[in-house]
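Please keep the sequence and the coordinates at hand.

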Amino acid sequence: GETYVAPAGGPASTAAQITLRPGIVDFTNPQFGPAATTGSLQVQLWAVAGDYRGGQINGHVMATYRVRFSDGSTQLRNGFRSDLGTLTLAGRTPPRGDYCLVITLEEYDTRNCSSSDGFCIVDWFQFGGPARFY
């Protein structure tokens, strides 16, 4: 995926319009039947202080998108994939500093996820190079 953060290089901790292209979401698991679905999905753009290597993430959430597929559902059925396209979201820049930008795909799962909102990271991508906010 690609990310474009606007205002690029703009002031820190301000409202921003954020455009990102998360890519394709795919759910294929031969252990489950065709009626199986994911939990509800969300995409988040994070600004983190250092390289993210998976697991617990600490940083600043710049934008959140609760996924809604073309059929209106928030869950993906087994054997299906969907291109999320280009998203333009209202967001916030992080405090002043240099950050790594990470996009996460998170699934709602109250059985296996201990986060306070019930969404846990199931996939992620860190963009190359640092982003500076000043």
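Why does C113 count as buried? The relative accessibility of C113 is 10%, so C113 falls in the buried class, where buried means under 20% relative accessible area, exposed over 50%, and partly exposed in between, with a 1.4 Å probe and protein chains only. This is a predicted model, in which local features need pLDDT of at least 70 and side-chain atom pairs count only at pLDDT 80 or more, while totals for chains, interfaces and linings use all residues. Residues are numbered from 1 along each chain as its sequence is written, and side-chain values use heavy atoms, with hydrogens and water left out.

C113 is bonded to C120 in a disulfide (a pair of cysteine sulfur atoms within 2.5 Å), with 1.9 Å between the two sulfur atoms. The search of the whole structure finds one disulfide. The torsion about the S-S bond of C113 and C120 is about 85 degrees, and therefore the disulfide is right-handed. C120 has 26% relative accessibility, so C120 counts as partly exposed. C100, at 12% relative accessibility, counts as buried.

The secondary structure comes next. The protein has 10 strands and zero helices; both are DSSP runs numbered from the N terminus, helices being H or I with at least four residues and strands E with at least two. Of the 134 residues, 38% count as buried. Among contacts (heavy atoms within 4.5 Å) between residues at least 6 apart in sequence, 73% join residues at least 24 apart.

The C-alpha trace spans about 50 × 30 × 25 Å along its principal axes. For 134 residues, a compact globule would have a radius of gyration near 14 Å, and the 15 Å of the protein agrees with this. That radius is taken over C-alpha atoms, and the globule rule is 2.2 Å times the number of residues to the power 0.38.

The last topic is the pocket. A pocket is an open set of points on a 1 Å grid over the protein atoms alone, where a 1.4 Å probe fits, with protein on both sides within 12 Å along at least five of seven lines; lining residues have an atom within 4 Å of a point. The largest pocket holds about 410 Å³ of space. It is lined by 22 residues, of which I24, V25, L105, D123 and W124 are the closest to its centre. The elements that give two or more residues to this lining are β3 (24–27), β4 (41–48), β8 (97–108) and β9 (119–126).

Definitions and conventions: Points joined across faces, edges and corners; volume = space filled by probe spheres on them.
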